[in-house]
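Hi,

Here is the structure I promised to pass on. Have a look, and my notes follow below.

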Amino acid sequence: MNTHIFSELDHAHMRRALDLAWLGKYSTSPNPRVGCVIAHGEQIVGQGFHVRAGEPHAEVHAIRQAGEMARGATAYVTLEPCSHHGRTPPCAEGLLAAGMARVVAAMRDPNPLVAGQGLAKLAAAGVAVQCGLLETEARALNRGFLSRIERHRPFVSLKMAASLDGKTALSDGRSQWITGAAARLDVQHLRAQSCAVLTGISTVLADNPRLNVREINVLRQPIRVVLDSHFRLPEESALVQDGGATWVFVLANAPTRLAEYDNLRVFRQPENTLGKLDLHWVCETLAQNGVGEVLLEVGQTLATAFVQADLLDEIVYFQSPKILGDTARGVFRLPENGDILTREADWHTVSVETVGDDVKWVLQKR
């Protein structure tokens, strides 16, 4: 397979497929976001994207739209067409039946059920197959899905709202509202793109958050995840009472309770020799249960714990022009590092933008 020589037209059609895939940013979990464009030269005859798990894949929508015009065309797909029977038929077979002459994939599917077999099936049937066009962009599109498959843990983002002097709450714990309405709306989009929103029991007890998506329309809500070693989640809390999916992670010897609530799922840590939850076990368990992207909405203690466990992939830092003062709570509580000024930073800036009166700073681990 030729992975290097692509025309400007190939690039243009794949960019369109990537744009289509991104339309599923709020809804495809636990499936990957995938877009497909079918074209004869410059003419696009079919296009589509995967909307949600259990429904037709991107290739199916594009083939249906193309109809007979699919025969002899080129299909541009952001992820290798599947080759196995799941809740939907294999897309590789669908492309063959449609009479596709050429298939260009942005990247191979690392899922062991596919892992090159889809492209191999197409090539064996005489279809011209190429792979690797705009692969970097395709990987970024599905960072959670890829992390779950390749690293066996989710892609973890930490959302923080802090003042100009780096404080996240007053000394008594109050934090509403450090940032403005525009930044809070942006957080709704972050939640919607995530498979799960994770918090700690201290935040639940202090704020009774809902952690759901509001103000924007979505096809599915993220799972709410609570780290609650001793299972103190109040029965009257919004996370219990509103009927949305809530997963609670507890220690092995935590009490058994709230079993009558069908929306609650409890995960017990097999061993608790240290008397606290193992964040690596939490992340591995989330991945095993289909969670690819996790948004942390936590306080200083858990934020610090995820940093120390080296489980953070991204920080989305909203900074307000407010000043809270010396006694307010900081973002992290880490021991002083004497060589931090002389060595390279652990994080690099991905983007900086103003959101209302606040600044949104996105950083990722080097």
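R257 sits over the face of F231, 5.2 Å from the ring centre. K25 does likewise with Y26, lying over its face at 4.7 Å from the ring centre. Bear in mind that this is a predicted model.

On to the aromatics: there are four aromatic pairs in the structure. One of them is F249 with F267, which is stacked, at 4.8 Å centre to centre and 10° between the planes. That pair links distant parts of the chain, with F249 in strand β10 and F267 in strand β11, 18 residues apart. F249 is buried at 0% relative accessible area, and F267 is buried too, at 9%. Another pair, Y317 and W361, is edge-to-face because the planes stand at 80°, with the ring centres 6.1 Å apart. Here the link runs between strand β13 (Y317) and strand β16 (W361), 44 residues apart. Y317 counts as buried at 13%, whereas W361 is partly exposed at 33%. There is also one aromatic cluster, made up of W247, F249, F267 and W281.

Then T199, in strand β8. T199 is buried, with a relative accessible area of 0%, and a polar atom of its side chain lies 2.8 Å from the backbone oxygen of E297. Beyond its sequence neighbours within four places, T199 is in contact with residues including V204, L211, V298 and L302.

Finally, Q47 in strand β2 is partly exposed at 24%. Its side chain makes a polar contact with the side chain of R16, at 2.9 Å.

Cheers

Technical notes
Residues are numbered from 1 along each chain as its sequence is written. This is a predicted model: local features need pLDDT of at least 70, side-chain atom pairs count only at pLDDT 80 or more; totals for chains, interfaces and linings use all residues. Side-chain values use heavy atoms; hydrogens and water are left out. Helices (H or I, at least four residues) and strands (E, at least two) are DSSP runs, numbered from the N terminus. Buried means under 20% relative accessible area, exposed over 50%, partly exposed in between (1.4 Å probe, protein chains only). A polar contact is a pair of N or O atoms within 3.5 Å; within protein, one must be able to donate a hydrogen and the other to accept it, and residues adjacent in sequence count only if both atoms are side-chain atoms. Contact means heavy atoms within 4.5 Å. Rings of Phe, Tyr and Trp (its six-membered ring) pair if their centres lie within 6.5 Å; planes under 30 degrees apart count as stacked, over 60 as edge-to-face and the rest as tilted. A charge sits over a ring if NZ of Lys or CZ of Arg is within 6 Å of the ring centre and within 35 degrees of the ring normal.
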